[in-house]
Amino acid sequence: MARVLVVEDDPPTAAEISAALKDHGFEVECAATGGEAVARAAATHFSAIVLDRMLPGDLDGLEVLAALRGRGIDCPVLILSALSAVDERVRGLRAGGDDYLTKPFESLELTARIEVLLRRGAGEERATRLKVGDLEVDLISRRVWRAAASVELLPREYQLLEYLMRHAGQVITRTMLFEHVWQYRYEPRTNVIDVHMGKLRRKLDEGGRPPMIRTVRGSGYVLRAAE
Amino acid sequence: MRLSEIPRTTSFRLSVLFLALFGCASLALFAFIYWQTSGYLTSSVDERLERDAQGYLSNPGETIARLRKHVELDPQNVHPFGLFAPDGRHIAGNLTTLPRLSPPLGRPFEFRLEDGGRLLPYRAFALRMPPDELLVLSESIYETEELRELLRNAMAWGGVFLLVVGLAGAGITGLGAVRRINAVTGAIERVVTGDLSGRLPMNRGAGDLDRLSLLVNRMLDDIERLMGEVKGVADDIAHDLRTPLTRLLAGLERARRRSEASPAAAAAEYERAVEEAIRETRDVLGTFNALLRIAEVEDSARRAGFARVDLGIIAADVAEFQAPVAEEKGVALEFERPQPPLEAPLTLLGDPSLLFEAIGNLVENAIKFTPSGGRIVVRAFAAKGRIAVWVSDTGPGIPEHERDAVLRRFHRLEKSRHTPGSGLGLSLVAAVARLHGLDLKIEGANPGCRVILSAGAPTAAAS
């Protein structure tokens with residue numbers, strides 16, 4: 001079972017985060033200060049660390065991150081921040097963070113991102129073809145087949161599908177899709193992503209094939225082999 | 001401010017200063033006239049005396065005869081002439097005593113002579129007559145003296161008059177200033193105690209105090225408007241949030257009521273209520289997030305993260321992103337970029353995500369308000385040294401008098417009240433535009449409207 005260290009100084013927020021992670025099936029430990037976080041991470045192996053950007057006392061989030069990386073602890077780190085400014089994000093990622101999430105966020109957003117971080121580099125990166133059920137994607141020619149029949153996709157639709165294929169079986173939120181495919185950083189309030197996904201789904205499921213992309217609690221998607 | 005404080009007013013002090021300056025200038029002018037006048041009178045006396053002296057010198061033999069004739073012609077003794085022996089003894093003429101024992105020769109001098117109990121002033125010229133006598137020619141300068149005294153008196157009285165009138169004037173000016181200041185401070189006190197509709201009194205509108213009052217009044221106008229807006233925003237927030245919260249509460253209460261009535265359906269009822277509650281809460285949170293985002297953008301801290309971005313590429317991305325939504329609604333969404341990118345770079349320093357969101361909001365609005373069959377054009381171009389993006393639609397448009405108001409938080413046109421939306425989209429666009437130094441303009445496109453974001457000359461060279 002994956003173990004996650006939550007570094008957050010505000011007790012109610014820490015409780016919310018650990019409850020969400022526990023419900024998702026992670027084993028969770030909490031640290032309230034930067035010093036404690038570094039000590040725990042040095043003592044035990046964690047699969048991932050959720051790190052608050054603003055911490056009281058001598059070590060703030062970015063300094064904790066630097067200390068961890070300095071000690072050779074290279075588990076994925078997701079930075080939480082109340083600051084959404086672009087340079088904040090850039091600083092966080094440059095300091096060695098792997099993802100950046102702005103408060104407030106929904107629990108699904110947090111767990112989905114941690115799942116993606118945990119499975120990153122699991123070996124499929126170098127593959128040239130992805131296959132999920134009867135759906136197949138050629139990463140070089142960017143062509144798609146469902147049950148050996150070619151599916152014509154627009155470039156964005158292909159990008160959406162490739163991202164979902166790479167994380168097959170994992171929940172991917174709208175925001176993650178937007179950030180990954182369109183490369184802009186903000187939370188679109190509208191259902192535009194849903195419309196794009198709707199078009200993609202219709203093309204994939206054409207001819208009455210069983211649906212492969214499922215909506216998760218109104219804010220995310222998961223791609224699985226059709227049953 | 002009391003009347004005893006008049007001497008401390010600026011206008012009073014200025015008046016006194018000018019009074020002193022004017023007094024000094026008058027004194028100098030007066031002194032000049034005084035010296036000039038008395039000098040002229042004295043020199044004309046001297047000239048006459050010298051002329052007479054020349055007459056006597058040119059005919060030394062006739063001296064005594066001439067003196068006799070002179071005495072006959074001068075019964076008033078205005079010109080006492082006299083001839084004296086070397087030892088000072090009087091020989092002839094109506095000047096009977098030698099004014100000084102050895103008067104200076106060849107230059108005028110003054111002396112006084114008793115006449116009827118008074119010492120009168122005379123100007124005299126002494127010359128040596130052959131063989132060894134002393135001739136003294138003199139002329140009364142009583143009138144000159146009188147004139148001088150008259151001038152001095154005039155100066156003194158004029159000075160007194162000037163002082164009195166000047167001080168009175170300064171006092172009146174000071175009193176006026178005290179009254180104005182009292183009126184102004186009174187008005188300011190009313191504003192300070194909460195009456196924002198109070199304005200400083202104006203006086204014909206030309207003086208310096210009026211200019212100040214005009215400025216303060218304009219500032220008060222702004223403050224009153226802003227206070228009104230803040231109050232309006234607070235009211236709008238309260239109104240916009242009360243509705244979903246009321247629905248949320250009603251839904252939860254309904255679920256409890258129905259579950260109690262039929263326990264068998266409780267699970268399904270609660271599930272539905274929770275789903276609804278999550279949706280409503282998300283909406284409320286969305287409104288708050290949007291407000292906070294606008295505040296964050298308005299704080300301008302994001303400038304630090306600015307990079308050189310191409311407005312055309314961002315606009316194209318927005319059009320591509322929103323295209324399926326427009327398509328679903330049956331609205332044509334087109335992107336135009338007339339010049340080839342290399343020839344006219346549409347770059348500016350900015351935050352790509354914010355610009356994407358802002359242009360996205362414009363396109364979203366356009367899609368929302370354009371009826372099916374309409375057309376939306378997103379156009380990025382450079383013209384007349386400016387780079388611009390516009391979003392034009394064939395919707396109902398925005399009436400001219402509402403074009404400023406729609407940029408305010410929560411403002412929604414009356415006819416769009418029933419459509420979904422927070423009324424915050426354009427406020428964010430305005431905030432992003434301000435942060436990037438972009439002009440935001442709303443024009444009528446007949447039909448529909450056109451929203452233009454534009455910036456000064458492309459500064460590609462600066463990178």
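View 1. Leaving aside neighbours within four places in sequence, Ile359(B) is in contact with Ile314(B), Ala315(B), Val318(B) and Val389(B). Contact here requires C-beta atoms, placed from the backbone, to lie within 7 Å. The model is predicted: local features need pLDDT of at least 70, side-chain atom pairs count only at pLDDT 80 or more, and totals for chains, interfaces and linings use all residues. Residues are numbered from 1 along each chain as its sequence is written, while chains are lettered from A and ligands numbered from 1 in the order in which they are written. Ile359(B) is listed with Leu311(B), Val363(B) and Val432(B) as having the most contacts inside the largest nonpolar core, which has 78 residues. Helix H7 (residues 352–369) of chain B gives the most to this core, with 10 residues. A second, separate core of 30 residues includes Val6(A), Phe26(A), Ala41(A) and Leu101(A). A nonpolar core is a set of buried Ala, Val, Leu, Ile, Met, Phe, Trp, Tyr and Cys residues joined through C-beta atoms within 7 Å. A residue is buried if 20 or more other C-beta atoms lie within 10 Å of its own, exposed if 12 or fewer, and partly exposed in between, with C-beta atoms placed from the backbone. Helices (H or I, at least four residues) and strands (E, at least two) are DSSP runs, numbered from the N terminus.

**View 2. The five-stranded sheet of chain B.** The strands of this open sheet follow the order E7-E9-E10-E12-E11 (chain B), with mixed pairing. Strand E7 (332–336) and strand E11 (439–444) of chain B each have a single partner strand, so one side of each is left without a neighbour in the sheet. From one strand to the next, the twist averages 15°; axes are lines fitted to C-alpha atoms, for helices over the stretch in contact, and angles run from 0 to 180 degrees between N-to-C directions. Strand E9 (residues 375–383) and strand E10 (residues 386–392) of chain B run antiparallel and are joined by seven bridges. Ala380(B) has Val389(B) in E10(B) as its bridge partner. Two strands pair if DSSP finds at least two bridges between them.

**View 3. Helix H1 of chain A and its two sides.** At 1.5 Å a residue, the 14 residues of H1 (residues 11–24) of chain A should span 20 Å, and the end C-alpha atoms are 20 Å apart, which agrees. The expected span is 1.5 Å times one less than the number of residues. Which residues of H1(A) are buried? Ile17(A), Ala20(A) and Leu21(A) are. Seen down the axis of H1(A), the buried residues fall within an arc of 95°, so they line one face of the helix; the arc is that of the directions from the helix axis to the C-beta atoms. These buried residues pack against strand E1 (3–7), strand E2 (27–31), strand E3 (48–52) and helix H5 (107–118) of chain A. On the other side of H1(A), Pro11(A), Pro12(A), Ala19(A), Lys22(A) and Asp23(A) are exposed. Just after H1(A), Gly25(A) takes a positive phi of about 110°.

View 4. Strands in the order E6-E7-E8-E9 (chain A) form an open sheet with antiparallel pairing. Strand E6 (129–132) and strand E9 (149–151) of chain A are the edge strands, each pairing on one side only. Three bridges link strand E8 (residues 143–146) of chain A to E9(A), and Trp145(A) has Ser150(A) in E9(A) as its bridge partner. Arg142(A) lies in the loop between strand E7 (135–138) and E8 of chain A, where its phi is near 60°, a positive value in a residue other than glycine. Arg142(A) counts as partly exposed because it has 13 C-beta neighbours inside 10 Å.

**View 5. Further backbone features of chain A.** Most residues other than glycine have a negative phi, and most peptide bonds are trans. The peptide bond from Lys103(A) to Pro104(A) is cis, with omega near -5°. Pro104(A) is placed in the loop between strand E5 (99–102) and H5 of chain A. Gln183(A), in the loop between helix H7 (174–182) and helix H8 (192–204) of chain A, has a positive phi of about 65° although it is not a glycine. With 12 C-beta neighbours inside 10 Å, Gln183(A) counts as exposed.

Terms used: Contact = placed C-beta atoms within 7 Å.
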